[in-house]
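Please examine the arrangement of strands and the pairing of charged side chains in the structure below. The paragraphs that follow take these two topics in turn.

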Amino acid sequence: MHRSYLYVPGDRPDRVDKAMASGSDAVIIDLEDAVAPARKGEARSEVSRLLGRLDRRGDTDPEVLVRVNNDAGLADDLRAVLGSGGTAIYLPKADVPSLESLDAALDGGTAEVVALIETARGLLDARAVAEHPLVRNLAIGEADLVADLAMAPSPDRRELAPMRSALVVASAAAGIDSPTGPVSTDFRDLEQLRAETEVLLRMGFGARSAIH
């Protein structure tokens with residue numbers, strides 16, 4: 001089980017190399033939010049090249065996952081990833097319908113999915129998502145979740161405790177790894193990062209994602 005996941009834009013191969021040497025347990029090459037719509041095609045081509053090259057990495061190197069687009073671009077993303085030997089998918093805005101779409105797009109193939117829960121629908125579907133055979137663990141995306149719920153959390157984000165606990169319970173009930181905590185957008189505030197990470201650990205989270 002990983003402890004840390006580091007995001008890197010899919011259209012920036014120079015940053016992928018830095019991320020691979022960062023000491024993170026896993027690197028998420030992002031085809032979604034980190035890539036402008038006009039650069040999606042270029043990013044897919046870059047990801048294909050990167051995965052082909054990274055397939056020769058050593059056993060001690062971080063695992064490489066790809067965050068795909070949960071929209072009309074999903075099939076193109078999967079072709080770029082699976083056609084280059086990738087198997088680990090980070091699925092944003094995960095819920096039951098999107099997992100069914102992913103399964104259909106795989107067309108009999110398989111993948112290991114980290115399901116990113118960041119909508120009200122996904123939160124309600126958390127148990128079923130955790131039990132889906134493709135899903136190896138859940139993650140929470142709090143920025144989008146807060147927006148979807150029209151919340152205004154306090155600095156310690158205590159209002160999000162019920163949502164976080166829902167993922168921990170769903171994961172434990174499904175017998176999968178503990179969920180992955182959210183990124184800290186203020187990555188320069190290391191004290192806040194430490195304090196919030198300790199809270200997540202006490203709540204039952206087993207890992208955390210990062211953008212820097």
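Strand β3 (residues 63-67) pairs with β4 in the parallel sense over two bridges, where two strands count as paired if DSSP finds at least two bridges between them. Helices (H or I, at least four residues) and strands (E, at least two) are DSSP runs, numbered from the N terminus. The structure is a predicted model, in which local features need pLDDT of at least 70 and side-chain atom pairs count only at pLDDT 80 or more, while totals for chains, interfaces and linings use all residues. Residues are numbered from 1 along each chain as its sequence is written, and side-chain values use heavy atoms, with hydrogens and water left out.

Arginine 67 has tyrosine 90 as its bridge partner in β4. Between β3 and β4 the chain passes through helix α3 (residues 74-82), and this β-α-β crossover is right-handed; that is, with the strands pointing away from the viewer, the path from the first strand over the helix to the second runs clockwise. β4 also pairs with strand β5 (residues 112-117), in the parallel sense and over four bridges. Here the bridge partner of tyrosine 90 is valine 114 in β5. Together with helix α4 (residues 96-106), β4 and β5 make a right-handed β-α-β unit.

In a regular strand the side chains alternate between the two faces of the sheet. From strand β4 (residues 88-91), Ala88 and Tyr90 point one way and Ile89 and Leu91 the other, and all are buried. Buried means under 20% relative accessible area, exposed over 50%, and partly exposed in between (1.4 Å probe, protein chains only).

Which charged side chains meet? A search of the whole structure finds 22 salt bridges, each defined as a side-chain nitrogen of Lys or Arg within 4 Å of a carboxyl oxygen of Asp or Glu. One of them joins aspartate 33 and arginine 67 (4.0 Å, N to O). Aspartate 33 lies in the loop between β2 and α2 (40-54) and arginine 67 in strand β3, so this pair ties together parts that are 34 residues apart in sequence. Aspartate 33 counts as exposed because its relative accessibility is 53%, whereas arginine 67, at 7%, counts as buried. Both residues belong to a network of salt bridges that links Asp30, Glu32, Asp33, Arg67, Lys93 and Asp144.

Glutamate 63 and arginine 136 are both buried.
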